[in-house]
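Subject: The structure we talked about

Hi there,

Here is the structure I promised to send over. Have a look at it first, and then read on for what I found.

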Amino acid sequence: MSDILCLGEPLVEFVRLENGTYKRGFGGDTSNAAIAAARQGASVGYLTVLGADRFGDSVLDLWAREGVDASNVRRTADAPTGIYFVDPHPEGRFFTYYRAGSAASRMRPDDLPLEAIRAARCLHVSGITLAVSDDLRATAFAAMEAARQAGAAVSLDTNLRVKLWTIAEARAVTHEAMRLASVAVTSIDDSAHLTGLQQSQAIADFYHDLGVETVLVTMGMQGCHLSGAEGATTIPAAPARPVDSTGAGDSFAGAYLAWWLETGDPVLAGQRAARVAAGTVSGLGAVDPIPHRADVLAAERAADG
């Protein structure tokens with residue numbers, strides 16, 4: 001059984017290089033988070049449905065290399081594994097998705113391994129998980145309910161994608177999901193759309209009022225605003241050489257959960273997660289540049305002098 005379970009849609013990624021060719025990699029926000037958590041040393045599993053295709057095989061190979069438990073992943077020959085293309089830029093990225101009707105989008109509540117969810121310490125889902133399809137959304141809500149009933153933490157990353165649904169629908173569904181969450185990870189930009197608020201503590205208070213215990217509002221180079229039971233603080237951004245911002249928020253969320261569950265210290269977890277996010281933006285792709293545990297601790301020791 002895994003301490004952290006991530007639920008959603010993994011994707012095979014093709015990143016455009018400067019010479020115009022594409023490099024194959026992997027993405028999918030909660031899969032990125034799972035790998036980031038595993039690279040910090042956490043016990044992590046993934047819940048999804050993959051196509052019985054070569055892309056699905058490659059995703060399973062990736063998780064095997066990264067130490068992410070895929071024993072509860074189902075395969076189907078009736079739908080493909082999703083893919084996407086990325087045009088990177090230091091201040092943003094441009095996506096082209098081929099995920100409509102994917103295997104993960106057809107995942108249903110009956111596919112959930114309830115025993116594994118009840119045994120986990122934390123379940124992590126995202127706004128993309130909620131937006132991909134009605135079936136995956138229902139599955140996510142069923143998983144969150146099961147986790148909460150078992151006393152596990154539920155983490156929700158808003159990860160708003162306006163191409164997947166309307167703002168009105170995103171607001172209604174995300175707010176409903178937040179009522180089941182104990183940890184919320186959001187960006188200042190996401191929350192401007194979802195809450196109409198632009199001040200970090202006001203955003204945190206909005207989610208606290210929905211029942212969320214710990215809120216992390218990421219603010220790019222301005223760091224992360226952390227608000228919880230012990231008060232609020234701003235965690236500075238870690239040094240970075242931005243190349244591609246793909247997956248930075250995902251790696252932050254996964255690393256935060258790993259370090260928080262290990263140390264019980266949300267501020268330390270946030271500081272180490274900031275180092276992971278900084279490393280992620282300093283390379284191409286969502287997965288390859290995610291720092292490992294040893295890199296994070298070495299950077300921390302170097303900064304402490």
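Predicted model: local features only at pLDDT ≥ 70, side-chain atom pairs only at ≥ 80, totals over all residues.

**The chain as a whole**

The chain has 11 helices and 15 strands, and 56% of its residues are buried. Of the contacts between residues at least 6 apart in sequence, 70% join residues at least 24 apart. The accessible surface is about 12,600 Å², with 49% of that belonging to carbon and sulfur atoms.

**Thr 30**

You will find Thr 30 in helix H1, which covers residues 29–39. Thr 30 counts as buried because its relative accessibility is 0%. The side chain of Thr 30 also makes a polar contact with the side chain of Tyr 46, at 2.6 Å. Beyond its neighbours within four places in sequence, Thr 30 is in contact with several residues, including Cys 6, Leu 7, Gly 8 and Glu 9, as well as His 124, Val 125, Ser 126 and Thr 129.

**Helix H8**

Next, please turn to H8, residues 200–209, where Ser 200, Ile 203, Ala 204 and Tyr 207 are buried. Seen down the helix axis, the buried residues of H8 fall within an arc of 100 degrees, so they line one face of the helix. Among the elements that cover them are helices H6 (167–178) and H7 (188–195), along with strands E12 (183–187), E13 (214–218) and E14 (224–228).

At its start, a side-chain oxygen of Gln 199 comes to within 3.0 Å of the backbone nitrogen of Gln 201. After the helix comes Gly 211, which has a positive phi, near 110 degrees.

**Strand E12**

E12, one of the elements covering H8, is itself mostly covered, with five of its five residues buried. In a regular strand, side chains alternate between the two faces of the sheet. In E12, Val 183, Val 185 and Ser 187 point one way, while Ala 184 and Thr 186 point the other way, and all are buried. E12 pairs with strand E11 (residues 153–157) in the parallel sense over three bridges, and Leu 156 stands opposite Ala 184.

Happy to go through any of this with you.

Best wishes

Conventions. Residues numbered from 1 in each chain as written. Heavy atoms only, no water. Helix = DSSP H or I, 4+ residues; strand = E, 2+ residues; numbered from the N terminus. Buried < 20%, exposed > 50% of the residue type's maximum accessible area, 1.4 Å probe, protein only. Polar contact = N/O pair within 3.5 Å; in protein donor to acceptor, adjacent residues only side chain to side chain. Contact = heavy atoms within 4.5 Å. Arc of directions from axis to C-beta. Areas by Shrake-Rupley, 256 points an atom, 1.4 Å probe, with all protein chains shown as cover. Pairing = 2+ DSSP bridges.
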